[in-house]
Amino acid sequence: EIEYDRTWAERVGEPGRGVATIIEMVGHTRLDVAVGAAGAMREAVRFAVHHARHREAFGKRLIDQPLMQNVLADLAIETEAAVALSFRLARAFDRAEVDAQEAAFARGAMSIAKYWIAKRVVGLTCEALECHGGNGYDEGWPMARLYREAPLGSIWEGSGNVQCLDVLRVMQKQP
């Protein structure tokens, strides 16, 4: 546990409702992780496509090589799925106060979306980095930063096991 001895603080939420307040805040942070990871995926695909359009290998631009087209298509499809899921979750969060079904969807899907997207950004970023070859790993290129940051989402606001336990808890409390 972390202790903040003599640290200034201000109460957030109602007295006696600390856990409920933090759970609500964690929900918003998990949404942020999902959206941020989906954004990082889009950035990685954008860099990979740009590189493939301008780099030549074996007498053709990389983007004209059938295997590279397959890799880029797979990256793009998975990224679009992550973006769609994170935005669907965001819509549910926005509508949760006026729509009980959306509130239930947001609560149930929050951990699932955070878990899946935060896990997949790591592998996707690695694959996008491979499209660059050694240049992508060099600190002078933006892919190196994306690659280094990709794992953060899977540990921020709960690891995969914590997300799975949260889903089970939600299913038991609010089937």
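**View 1. Helix H1 passes helix H5 in a left-handed crossing.** A crossing is called left-handed if the near helix is turned anticlockwise from the far one by less than a right angle, and right-handed if clockwise. This is a predicted model, in which local features need pLDDT of at least 70 and side-chain atom pairs count only at pLDDT 80 or more, while totals for chains, interfaces and linings use all residues. Residues are numbered from 1 along each chain as its sequence is written, and side-chain values use heavy atoms, with hydrogens and water left out. The contact (heavy atoms within 4.5 Å) is made by Ala40, Glu43, Ala44 and Phe47 of H1 together with Pro142, Met143 and Leu146 of H5. By class, these residues divide into six nonpolar, no polar and one charged, where Ala, Val, Leu, Ile, Met, Phe, Trp, Tyr, Cys and Pro count as nonpolar, Asp, Glu, Lys and Arg as charged, and the others, Gly among them, as polar. H1 and H5 (residues 142-149) pack at an angle of about 150°, and their axes are 10 Å apart. H1 is therefore roughly antiparallel to H5, a term for angles over 145 degrees, whereas those under 35 count as roughly parallel, 65 to 115 as roughly perpendicular and the rest as oblique. Axes are lines fitted to C-alpha atoms, for helices over the stretch in contact, and the angles run from 0 to 180 degrees between N-to-C directions.

**View 2. Helix H2 and its packing against H3.** Helices (H or I, at least four residues) and strands (E, at least two) are DSSP runs, numbered from the N terminus. H2, which covers residues 66-95, has 30 residues and reaches 43 Å from its first C-alpha to its last, close to the 44 Å expected at 1.5 Å a residue, the expected span being 1.5 Å times one less than the number of residues. The axes of H2 and H3 come within 9 Å and cross at roughly 155°, so the two helices are roughly antiparallel to each other. The contact of H2 with H3 has 20 nonpolar, two polar and seven charged residues, and H2 passes H3 in a left-handed crossing. Among the buried residues of H2 are Met68, Leu72, Glu78, Ala92 and Phe93, and what covers the buried residues of this helix includes H1 (18-54) and H3.

**View 3. Glu102 in helix H3.** Glu102 is found in H3, which runs over residues 100-132, and it counts as buried because its relative accessibility is 9%; buried means under 20% relative accessible area, exposed over 50%, and partly exposed in between (1.4 Å probe, protein chains only). Leaving aside its neighbours within four places in sequence, Glu102 is in contact with Arg88, Arg91, Ala92, Arg95 and Ala96.

**View 4. Arg61 in strand S2.** Arg61 belongs to S2 (residues 60-61) and is partly exposed, with a relative accessible area of 37%. Apart from its neighbours within four places in sequence, Arg61 is in contact with Ala52, Arg53, Arg55 and Glu56. Arg61 and Val33 are 28 residues apart in sequence, and their C-alpha atoms are 35 Å apart in space.

**View 5. Positive phi at Arg6 and at Phe58.** Arg6, which lies in the segment before H1, has a positive phi of about 60° although it is not a glycine, and it is exposed, with a relative accessible area of 78%. Phe58, placed in the loop between strand S1 (56-57) and S2, has a positive phi near 55° and is likewise a residue other than glycine; at 84% relative accessibility, Phe58 counts as exposed.
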